[in-house]
Amino acid sequence: PRTVHGILVDVPCSATGTGARRPDVLRRGGDIKELLETQEMLATHCADNILDAGGIMVYATCSMLKAESENQVKKLIEKGNVETMPRQG
């Protein structure tokens, strides 16, 4: 299978970070369980099947919710799929 050295994983999210400017993009209903499952599935698939060993993944979301951002990255790290890089500059 073909892999890449770098990938941007811009997952679908609740849009809580853009809601003030763009209320039309906010998810309605409040239940984000399905979104969390989709985010985890996409990020895990990319880490396991698309990204080269030693490659760089940027996980992006416009959500301000920890469940959609930091917690998803933490799950990937705990699975052993990825590790974080020190912030530069």
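Which residues make up the largest nonpolar core? Bear in mind throughout that the model is predicted. Select I7, V9, V11, A43, C46, A47, L51, M57, Y59 and L76: these 10 residues form that core. Colouring by secondary structure then shows which elements contribute two or more residues to the core, namely β1 (4–10), α1 (33–50) and β2 (51–60). In soluble globular proteins, nonpolar side chains tend to be buried together.

Next, centre the view on Y59, a member of this core. What does Y59 touch, leaving aside residues up to four places away in sequence? Its contacts include V9, V11 and A43, which also belong to the core.

Now turn to the charged side chains. How many salt bridges does a search of the whole structure find? The search returns three. Side chains of opposite charge can pair when their charged atoms come close.

Begin with K33 and E37, whose side chains form a salt bridge with an N to O distance of 3.6 Å. Both residues are part of helix α1, where they stand four residues apart, about one turn of the helix. Is K33 buried or exposed? K33 has a relative accessibility of 54% and therefore counts as exposed, the cut-off being over 50%. E37, at 45%, is partly exposed.

Then select E40 and K75. Their side chains meet in a salt bridge at 3.3 Å, N to O. Because E40 lies in helix α1 and K75 in helix α2 (residues 70–79), the pair ties together parts that are 35 residues apart in sequence. Both partners are partly exposed: E40 has a relative accessible area of 25%, and K75 has a relative accessibility of 31%.

K79 counts as partly exposed, at 44% relative accessibility.

Definitions and conventions. Residues numbered from 1 in each chain as written. Predicted model: local features only at pLDDT ≥ 70, side-chain atom pairs only at ≥ 80, totals over all residues. Heavy atoms only, no water. Core = buried A, V, L, I, M, F, W, Y, C linked by side-chain atoms within 4.5 Å. Buried < 20%, exposed > 50% of the residue type's maximum accessible area, 1.4 Å probe, protein only. Contact = heavy atoms within 4.5 Å. Salt bridge = Lys/Arg side-chain N within 4 Å of Asp/Glu carboxyl O.
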